[in-house]
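Please examine the sequence and the structure displayed below. The paragraphs that follow lead through the salt bridges and then the nonpolar core.

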Amino acid sequence: MSKELTPAQHDEIKALLLARRNELQGQMQQNRENLSPPTADEGGMVQRNVAREVDQALTDIDTADLARIERALEALADGSYGHCDECGCAIPFERLKIEPQTQHCVACKSRWEQTRAHH
Ligand SMILES: [Zn+2]
């Protein structure tokens, strides 16, 4: 368990992560059902193809998010949770509560987003 988190905070984060994982898995299940083969109704064909592409993109985002949640749960279990991947500082609990799957402190994340925006 991380030194910075009390047992109560640890449990709170874990509950948040598990709830998000459930929610994402539910959404992905829903998306997969939407991706089922179209019927032979030609009039709605084009519209359905567009909807299928959007669903696919959403599924990719969900998959990446889910991977981050899994990693956060692993880090919680081995005690490395709550530290910035980049600078190693302890991420404030208030931030973790808002985005429990985050792996970067605010400073590193905004620096990374700025770098990316310039390319
Ligand atoms: Zn950092």
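Does glutamate 70 count as buried, partly exposed or exposed, and what is its relative accessibility? In this predicted model, glutamate 70 counts as partly exposed because its relative accessibility is 29%, and the limits for that class are 20% and 50%. Its side chain meets that of arginine 21 in a salt bridge, with an N to O distance of 3.2 Å. This pair joins distant parts of the chain, for glutamate 70 belongs to helix α2 and arginine 21 to helix α1, 49 residues apart. Arginine 21 is likewise classed as partly exposed, with a relative accessibility of 23%.

The structure contains five salt bridges. Which residues are linked in a network of such bridges? The members are Asp65, Arg68, Arg95, Glu99 and Lys109.

Two of the pairs in which glutamate 99 takes part can be followed in turn. In one, the side chains of arginine 68 and glutamate 99 form a salt bridge at 3.5 Å, N to O. Here arginine 68 lies in helix α2, whereas glutamate 99 lies in the loop between α3 and α4 (106-118); the two are 31 residues apart and connect distant parts of the chain. In the other, lysine 109 bridges to glutamate 99, and the closest N and O atoms are 3.5 Å apart. Lysine 109 is part of helix α4, 10 residues from glutamate 99 in the loop between α3 and α4.

Arginine 68 is partly exposed, its relative accessible area being 25%. Lysine 109, with a relative accessible area of 26%, is also partly exposed.

The nonpolar core remains to be described. The largest one consists of 18 residues, among which Leu5, Ile13, Leu17, Leu76, Tyr81 and Leu96 touch the most other members. At least two residues of this core are supplied by each of α1 (7-34), α2 (45-78) and α3 (93-98). Helix α2 provides the largest share, namely six residues.

Which residues does leucine 76 contact, once its neighbours within four places in sequence are set aside? Its contacts are Leu5, His10, Ile13, Lys14, Leu17 and Tyr81.

Notes:
Residues numbered from 1 in each chain as written. Predicted model: local features only at pLDDT ≥ 70, side-chain atom pairs only at ≥ 80, totals over all residues. Heavy atoms only, no water. Core = buried A, V, L, I, M, F, W, Y, C linked by side-chain atoms within 4.5 Å. Buried < 20%, exposed > 50% of the residue type's maximum accessible area, 1.4 Å probe, protein only. Helix = DSSP H or I, 4+ residues; strand = E, 2+ residues; numbered from the N terminus. Contact = heavy atoms within 4.5 Å. Salt bridge = Lys/Arg side-chain N within 4 Å of Asp/Glu carboxyl O.
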